[in-house]
Amino acid sequence: MTTSACPGYRREHGPRFADLPQVPLSGAVDYPWLHAPAAEVAETARTLLGWELAAGGVRIRLTEVEAYAGTGEDPASHAHRGPTPRTRVMFGPAGHAYTYFVFGMHWCLNIVCGRDGEAAAVLLRAGEVVDGLPAARTRRGDVADRDLARGPARLAVALDVTASANGTCVLDGSGPLLLSPPTRPVARAEVTAGPRVGVAAAHDVPWRFWITGDPTVSAYRRHVPRRRG
DNA sequence: AAGTCGATGGACT
DNA sequence: GTCCATCGACTTG
């Protein structure tokens with residue numbers, strides 16, 4: 001069959017799918033919910049919690065994500081005003097990485113969602129390193145394990161994700177990233193939703209999701225310890 | 001422990 | 001020229 005994990009997608013400079021090595025896949029590598037309409041991107045984000053992402057010899061379990069909808073629907077989305085050279089891949093098919101440089105020093109990693117032409121995406125905000133701890137430490141320095149991928153820019157560093165990952169597929173192993181189903185699934189009851197970070201508009205819509213109580217989450221900590229240790 | 005603020009560069013109007 | 005989906009060093013208590 002001609003089915004690719006990344007239908008409709010072709011990199012301008014890179015191997016064609018037909019040229020890629022045949023990877024024996026132990027099961028389907030596309031996930032229909034990634035292609036859900038942009039209007040349902042919040043549910044897609046929630047679903048990604050607990051899923052694992054491997055890159056650069058490190059594998060993380062996603063613990064915190066944020067949903068962004070597309071053109072005209074979400075003022076906080078890079079795609080809000082339509083496609084630009086930077087946001088081009090957001091308008092492509094789901095299952096690809098959208099990386100961008102921010103604040104002059106940080107990279108952030110998103111997974112493109114929605115139907116082709118819709119610019120929905122999920123920002124990966126935090127994860128727990130479940131494999132490749134030494135490699136993660138090499139990149140992140142001598143920090144606590146829970147801090148290795150806590151925060152979107154730290155997550156990108158831990159996985160060695162920068163510009164070169166932009167537009168690559170995260171489903172079929174053709175790029176540096178590979179998404180895989182949860183080793184330990186996350187029940188709905190374990191998930192908390194709240195406002196997105198740094199987003200003033202649409203503050204009423206809780207499009208940030210995290211695993212409740214997980215130490216790797218960069219969640220607001222409204223309740224602080226009452227006493228010093 | 002929690003708040004403040006500077007660094008630093010590209011996209012977009 | 002302005003805006004940023006940030007981080008971490010520094011300050012204060």
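Predicted model: local features only at pLDDT ≥ 70, side-chain atom pairs only at ≥ 80, totals over all residues.
1. Buried residues make up 44% of the 229 residues in chain A. As for labels, residues are numbered from 1 along each chain as its sequence is written, while chains are lettered from A and ligands numbered from 1 in the order in which they are written.

2. Chain A has three helices and eight strands, in the order α-β-β-β-β-β-α-α-β-β-β. These are DSSP runs numbered from the N terminus: H or I over at least four residues for helices, E over at least two for strands.

3. Now look at helix H1, residues 41-48: seven of its eight residues are buried. Among them are Val41, Arg46 and Leu48. The buried residues of H1 pack against strands S2 (58-68), S5 (121-131), S7 (191-194) and S8 (208-211). Just after H1, Gly50 has a positive phi of about 90°.

4. Leu155 sits in helix H3 (residues 152-158). Why is Leu155 called buried? Because 30 other C-beta atoms lie within 10 Å. Leaving out residues up to four places away in sequence, Leu155 touches Ile60, Leu109, Leu124, Ala126, Gly127 and Ala149. A contact means C-beta atoms, placed from the backbone, within 7 Å.

5. Finally, sequence distance: among contacts in chain A between residues at least 6 apart, 62% join residues at least 24 apart.

Note on methods:
Buried ≥ 20, exposed ≤ 12 C-beta atoms within 10 Å, placed from the backbone. Contact = placed C-beta atoms within 7 Å.
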